[in-house]
Amino acid sequence: MGDDRGVAADKRGNKTVRDLLLSLVVLGFVVFVIYLFVPHDSHADPVKVVPYNVELGQARRVAPFPVAGPEGLSADWRSTSVTFNGADPADTTWHIGFVDPEQQYVAVEQGNTRTDPFVASVTLDSHRDGTRTVQAGGLTWERWTGGRYTALVNRQPHVTTVVMGTAPDSQLTQMAAALKLRGGH
């Protein structure tokens, strides 16, 4: 028998390239069909609003301190995250995050642990900005800077409330003024 391995390899090689090109065409068609039928709205708001009223009510019933919830903000303030951890009465935390009307992040954080470590943790290492304070919602708020977020901090005997974010001071102050403390035991 003769040696025809070179001929067989040549035919197999050509067939492989042709099959590869056909596979790419079929795959491209499938991707195109999927693209046509999958909804995609380039004008849709990328922010997913997360309702927070249920968690706020629960926190106000369970927390050992009055829980801060915003009231009277415009619909341009969109809540994006909410968490409440009341498993340990000595280390209870409340969080609610927003995107403000200027598309910046603003959050309310509350906890009943030691103030300075709590604030440094939630603001990613901000520190007290000298003696600067802000009046909002009938309370005095310390201004903290230097970490990832700017923050307004209100210290009460059994709870620390932090309004923080990437938003300008005016938006942080607006959120602080909108907070109403309710509940707690």
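This is a predicted model: local features need pLDDT of at least 70, side-chain atom pairs count only at pLDDT 80 or more; totals for chains, interfaces and linings use all residues.
Student: What makes up the protein in terms of helices and strands?

Tutor: The protein has four helices and nine strands. From the N terminus on, they run α-α-β-β-β-β-α-β-β-β-β-α-β.

Student: What does UniProt list for residues 20-38?

Tutor: An unreviewed UniProt entry lists residues 20-38 as "transmembrane region". In the model this span is 95% helix and 0% strand, and its end C-alpha atoms lie 27 Å apart. The label itself comes from the record, and such annotations may be inferred rather than shown by experiment.

Student: What makes arginine 128 and glutamate 142 a salt bridge?

Tutor: The cut-off is a side-chain nitrogen of Lys or Arg within 4 Å of a carboxyl oxygen of Asp or Glu. For arginine 128 and glutamate 142 the N to O value is 3.5 Å, and the side chains meet in a salt bridge. The pair links distant parts of the chain, with arginine 128 in strand 5 and glutamate 142 in strand 6, 14 residues apart. Both belong to a network of salt bridges that also includes Asp116 and Arg155.

Student: Which parts does the salt bridge of arginine 182 and glutamate 71 tie together?

Tutor: The N to O value for arginine 182 and glutamate 71 is 2.1 Å, which is within the 4 Å cut-off. Arginine 182 lies in strand 9 (residues 179-182) and glutamate 71 in the loop between strand 1 and strand 2, so the pair ties together parts 111 residues apart in sequence. Arginine 182 is partly exposed at 40%, and glutamate 71 is partly exposed at 35%.

Student: How many salt bridges are there in the whole structure?

Tutor: A search finds eight. One of them joins arginine 18 and aspartate 19, with the closest N and O atoms 3.8 Å apart.

Student: How do you know that the buried residues of helix 3 line one face?

Tutor: The buried residues of helix 3 (residues 115-122) are Thr115, Phe118, Val119 and Val122. Seen down the helix axis, they fall within an arc of 95 degrees, so they line one face. They pack against strand 3, strand 4, strand 6, strand 7 and strand 8.

Student: Where do the buried residues of helix 4 lie around the axis?

Tutor: Gln171, Leu172, Met175, Ala176 and Ala178 are the buried residues of helix 4 (residues 169-178). Their arc is only 165 degrees, which puts them on the same side of helix 4.

Student: What makes a group of residues a nonpolar core?

Tutor: The members are buried residues of nonpolar types such as Met, Trp and Val, joined through side-chain atoms within 4.5 Å. The largest such core has 26 residues, and Trp94, Trp141, Val163 and Met175 have the most contacts inside it. Among the elements that each supply at least two residues are helix 2, strand 5 and helix 4. A second, separate core of ten residues includes Phe118, Trp144, Tyr149 and Val162.

Student: Which residues does methionine 175 contact?

Tutor: Leaving aside neighbours within four places in sequence, methionine 175 is in contact with Pro70, Leu73, Trp77, Phe98, Val106, Val108 and Val163.

Key: Residues are numbered from 1 along each chain as its sequence is written. Side-chain values use heavy atoms; hydrogens and water are left out. Buried means under 20% relative accessible area, exposed over 50%, partly exposed in between (1.4 Å probe, protein chains only). The arc is that of the directions from the helix axis to the C-beta atoms. Contact means heavy atoms within 4.5 Å.
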